[in-house]
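This report covers helix packing and salt bridges. Look over the sequence and the fold first.

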Amino acid sequence: YKRQIYGYPGEVCRFAHFDFYNGRVNITMRRFSTVPFKGTKEQEAQLRAWLEEHKATPGVAMPALQKAQEIYGYLPIEVQRIVADVLGKPLAEIYGISTFYSQFSLCPKGEYKISVCLGTACYVKGSGKIYDELQKKLGITGGECTADGKFSLDACRCIGACGLAPVMTINDDVYGRLTGDELDGILAKY
């Protein structure tokens with residue numbers, strides 16, 4: 001029986017790096033964040049204790065990832081590896097769950113969470129341009145966090161401020177009727 005591997009030796013794709021080692025394909029999962037992992041021993045102990053208590057439960061992978069994200073705030077590959085090891089599951093399975101469900105984040109959230117509304121009213125008024133401009137200014141793409149951990153950027157759907165379209169929020173602060181020219185000034189407040 002033959003297994004087909006989608007990837008070539010030395011190839012880096014969105015999710016993994018493929019390489020040959022001793023006649024076997026070695027797959028290294030790709031980091032999604034440029035922010036270094038800063039998990040503590042206390043967080044790891046808390047996660048391991050929960051995993052040990054629940055690992056015999058059928059279908060535990062999903063609740064385990066939810067608990068891990070609750071503890072760490074996101075699911076970096078280091079945390080996924082802990083979950084896989086303790087549950088005795090392949091890392092690829094845990095990684096697959098982490099990347100399939102939108103409730104999970106592989107990147108940390110910044111101190112200031114920027115959310116740009118891409119709902120219909122905002123989008124037709126230019127929020128897509130605002131979102132693109134923020135990605136350029138911050139040097140990140142949607143769902144990522146700046147290297148200093150200060151800002152994270154996400155898109156959202158209607159926030160109920162259609163009269164102010166296009167709209168973005170930074171934490172609890174709402175900014176409306178954006179043109180793009182005011183972005184530097186807004187970001188400078190933080």
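## Terms and model

Buried means under 20% relative accessible area, exposed means over 50%, and partly exposed lies in between (1.4 Å probe, protein chains only). This is a predicted model: local features need pLDDT of at least 70, side-chain atom pairs count only at pLDDT 80 or more, and totals for chains, interfaces and linings use all residues. Residues are numbered from 1 along each chain as its sequence is written, and side-chain values use heavy atoms, without hydrogens and water.

## Salt bridges

A salt bridge is a side-chain nitrogen of Lys or Arg within 4 Å of a carboxyl oxygen of Asp or Glu. The count is seven salt bridges. Helices (H or I, at least four residues) and strands (E, at least two) are DSSP runs, numbered from the N terminus.

Lys-67 pairs with Glu-70 at 3.2 Å, N to O. The two are three residues apart in helix 2, about one helical turn. Lys-67 is buried at 18% relative accessible area; Glu-70 is exposed at 59%.

Asp-154 bridges to Lys-109, with the closest N and O atoms 3.2 Å apart. Asp-154 lies in strand 4 (residues 151–156) and Lys-109 in the loop between helix 4 (91–100) and strand 3 (112–117), so the pair ties together parts 45 residues apart in sequence. Glu-133, Lys-137 and Asp-184 form a network of salt bridges.

## Helix contact

Helix 2 (residues 61–72) and helix 3 (residues 77–87) pack at about 140 degrees, axes 10 Å apart. Axes are lines fitted to C-alpha atoms, for helices over the stretch in contact; angles run from 0 to 180 degrees between N-to-C directions.
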